[in-house]
Amino acid sequence: MKYFNKSILQIPTLLWLLLFSVGVAAQNASVKGKLTESSTAAPLAYASVRLYQMPEKKLAGGALTDEKGLFNIALPLGVFTAEIEFIGFETIKTPEFSLTKEHPQHDLGTLRLAASATTLDEVEVTAEKSSMVLALDKKIFNVGKDLSNAGGSATDILTNIPSVTVDPEGTVKLRGSDNVRILIDGKPSGLVSFKGSSGLQQLQASMIDRVEIITNPSARYEAEGSAGIINIILKKDQKQGFNGSIELIAGQPTNYGAAANLNYRHRKINFFINYGFSYRVSPGGGTMFQERFVGDTTFLLRQTTDNEMTGLNNNIRGGLDYFFSENNILTASYLWRRSDARRLSDIRYEDYLYNLSTPLGYTLRQQDETEDEPNSEYSIVYKRKFGNEGHELTAEAKYLNYWERSDQMFPQQTFFPDGTEDISKNIFQRSLNDEYENQYLLQVDYVRPIGKDGKFETGLRSSFRDMVNDYIVTEKNADGSFTTLPGLDNYFIYKENINGAYAIYGNKHQKFSWQAGLRAEHTDVNTLLRETNVENPRNYFNFFPSLHLTYELPKNNAIQWSYSRRVRRPVYNDLSPFVTFTDSRNFWSGNPDLNPEFSDVLELGHIRYFDKGSFSSSIYYRHTEDKIDRIRQVDNAGNATTRPENLLRENAFGVEFTTGYSPKKWWKLDMNFNFFHAEIDGSNIETAYKTSTYSWFSRVTSKFILPKNFDFQVRGNYEAPQKTAQGSRKALYFIDLAASKDILRNKGTLTLNVSDLFNTRKMRTVTEGDNFRSESDFQWRRRQVNLTFNYRINQGKQVAKKKPAGAEE
């Protein structure tokens with residue numbers, strides 16, 4: 001707590017003033033209403049409602065609908081019109097109405113928004129879907145409006161979202177922390193189970209509808225992920241009749257793909273199916289230079305790596321909704337994914353003594369890997385709505401099945417400095433790795449309104465996971481037989497059972513609302529190395545409280561203070577002791593002795609709506625005990641091992657600003673800036689592993705709506721240098737371009753995009769230990785050019801009425 005007080009005082013006073021310097025003006029009238037989806041009558045939460053004073057059409061007030069679809073906005077007296085906007089739906093404008101001393105309140109009643117299902121031959125849609133909806137507790141991003149996402153994967157989508165960064169190795173971070181929970185449709189998925197965030201590379205962007213970012217979740221969500229939650233929502237519709245879209249992709253380096261998203265609803269039954277196919281060839285590579293100190297002798301290593309990954313991915317997701325009535329819905333779905341890949345890597349090691357003018361020789365090593373990954377998910381969901389609005393029960397059962405087989409061969413040759421081959425040191429190794437996972441998930445959630453604005457929520461969740469890894473590495477003998485390498489043959493069994501329960505109560509009094517929750521989770525994890533009979537059981541019970549306080553300010557402002565306690569449990573890859581064998585000098589493995597890390601997270605957020613956009617800002621603080629970080633160590637033979645370790649702690653705070661702004665009707669800007677400070681204490685590993693770092697990252701997207709149905713978009717990304725427990729990461733920057741044109745009477749769209757235009761997206765790091773110093777420069781994905789064709793079936797694309805660039809509003 002002492003450190004917490006000190007850290008808070010370090011936050012510049014100016015930033016506090018920014019959040020609180022909002023004038024208070026008297027509001028003596030109000031307008032209220034409710035927003036629902038026209039075909040299902042379901043409430044629409046987080047829709048944007050803006051009130052304009054007439055006749056000058058000046059923005060007078062605004063808010064987002066709550067989870068019941070309700071809004072109540074304070075206004076001065078006068079004549080107004082309301083404009084309501086929500087992702088994926090047509091924007092509507094109400095007739096003018098008056099607020100007078102005699103009639104200071106006005107009820108707009110229930111407003112029904114229609115999804116953009118009608119064809120453009122029948123109606124012209126006059127508003128473009130919002131690319132971003134900002135709320136105090138979450139940010140919602142509409143994937144389809146970002147031209148850079150065309151032809152890409154889920155990883156590419158996250159790269160383009162504010163608050164989120166994806167490094168060149170595929171690690172997803174939220175506000176600079178990789179301790180983020182990634183969900184698919186609000187639940188765990190096999191896509192991110194074994195491989196973590198890198199598995200998202202196999203999910204095509206065309207299958208995704210939107211992404212939700214929740215930086216400080218309530219007790220309703222599982223406690224995993226101290227930085228927050230990224231929830232990826234897949235496409236599914238419930239409109240009557242047949243509708244959908246088809247997409248074709250071609251790109252360079254090789255990227256061919258096709259996708260279809262189809263829906264058909266007839267009365268009580270709604271069918272949906274999504275299919276995605278992709279074939280990609282991804283070249284990459286990098287360099288490393290290392291100095292290793294043994295007494296008064298310095299050994300140098302210069303290493304270069306070139307790799308090429310060829311992947312064939314298939315994803316299919318289908319299911320149906322059965323409407324017993326509009327208040328009783330049963331949903332069953334199935335997802336099948338298969339990935340077949342081949343990875344070729346060529347590594348060159350050059351060894352020197354003291355300096356580069358005294359070579360000791362060089363070694364060539366190759367990796368040739370084939371990998372098969374089938375994955376299945378089964379889900380059944382029942383939702384029951386009761387008589388009172390917002391009173392509902394949801395129950396889900398889910399089963400995940402995952403399997404992966406990896407077969408790798410490693411020929412290696414050694415040469416003297418003059419290029420003569422040293423046959424005595426040549427080796428041929430082979431690695432076989434089979435991984436299996438079965439997971440069962442049961443969840444029940446219940447919500448009951450209490451009084452006018454109160455709400456009680458409770459729920460149960462149980463997750464049972466069984467995972468195994470059968471691993472062996474062998475080396476070829478002179479007679480052609482193979483011998484198992486010592487310590488590299490075992491059968492790793494991972495069992496994880498997590499049971500949780502939560503309760504939340506919230507209410508509202510005038511402009512002040514609050515929500516308090518408590519979640520309890522019991523974790524039972526057991527790992528076993530069967531061949532050596534090494535067992536490591538972990539069993540712990542924890543409480544995770546949350547508190548959210550919100551105050552609505554005048555002049556279209558609101559502030560929210562929130563607190564939550566979060567956890568990062570070591571997952572399978574963190575605990576598995578088997579080492580990667582691709583690189584014979586650099587090894588990566590898990591750590592069976594790893595403990596969970598716990599974080600206390602505080603956040604103060606502010607949001608303001610204005611005529612041409614919205615602006616949100618926040619200050620956040622995160623205190624983490626037993627911080628998990630990867631530590632690299634080099635032995636006297638020059639072999640490096642990197643594995644996760646528990647550091648003592650990390651304290652971090654930062655500020656973030658996000659805005660969506662339209663200077664002109666033909667010009668849209670989305671901007672995100674995040675500045676943070678972190679103090680990392682890893683002195684339990686090595687005394688020198690303590691650091692204090694300041695860093696920031698920024699992303700600016702500028703989109704132009706041009707004549708003749710052309711759109712153009714440019715995005716700049718920059719991540720400033722950052723210190724780590726063992727060294728530093730250098731700056732990372734890249735630019736993306738995209739352009740699109742609507743064709744075929746606006747039923748089709750051609751999109752051309754270029755990711756990493758100048759080929760600068762590289763991971764550059766410096767790592768230091770007591771006996772070594774290394775610098776690396778790696779680029780796992782190079783510049784990508786994609787051409788995408790999208791055709792909509794019975795779906796009107798929401799197109800803004802365009803003005804030529806440069807025209808005045």
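## A salt-bridge tour

Start with everything on screen: the protein exposes about 34300 Å², and carbon and sulfur atoms supply 56% of that area. What you are looking at is a predicted model.

Stay with the whole chain for a moment and switch to a cartoon view. The protein has four helices and 44 strands. If you colour by burial, buried residues make up 53% of the 809 residues. Contacts are worth a thought too: taking those with a separation of 6 or more, residues 24 or more positions apart account for 68% of them.

Now for the charged side chains. Side chains of opposite charge can pair when their charged atoms come close. A search of the whole structure finds 37 salt bridges, and the next stops visit some of them.

**Stop 1: Arg568 and Asp178.** Select both residues and show their side chains, which meet in a salt bridge at 3.7 Å, N to O. Where does each partner sit in the chain? Arg568 belongs to strand E28 (residues 557–568), while Asp178 lies in the loop between strand E12 (172–174) and strand E13 (180–184). The pair is 390 residues apart and links distant parts of the chain. Arg568 has a relative accessible area of 13%, so it counts as buried, being under 20%. Asp178, at 33% relative accessibility, is partly exposed.

**Stop 2: Lys508 and Glu552.** Next, select this pair, whose side chains form a salt bridge at 3.2 Å, N to O. Here both partners are in strands: Lys508 in strand E25 (residues 482–509) and Glu552 in strand E27 (residues 534–553). They are 44 residues apart, and this pair too links distant parts of the chain. Are these side chains buried or partly exposed? Lys508 is partly exposed, with a relative accessible area of 30%, and Glu552 is also partly exposed at 30%.

**Stop 3: Glu531 and Arg530.** Move on to Glu531 and Arg530, whose side chains meet in a salt bridge at 3.9 Å, N to O. With the surface still on, look at Arg530: its relative accessible area is 45%, which makes it partly exposed.

**Stop 4: a network.** Finish by selecting four residues together: Glu224, Arg519, Glu521 and Arg569. Which feature joins them? Salt bridges that share partners tie these residues into one network. Show all four side chains at once to trace it.

How values were computed: Residues numbered from 1 in each chain as written. Predicted model: local features only at pLDDT ≥ 70, side-chain atom pairs only at ≥ 80, totals over all residues. Heavy atoms only, no water. Helix = DSSP H or I, 4+ residues; strand = E, 2+ residues; numbered from the N terminus. Buried < 20%, exposed > 50% of the residue type's maximum accessible area, 1.4 Å probe, protein only. Contact = heavy atoms within 4.5 Å. Areas by Shrake-Rupley, 256 points an atom, 1.4 Å probe, with all protein chains shown as cover.
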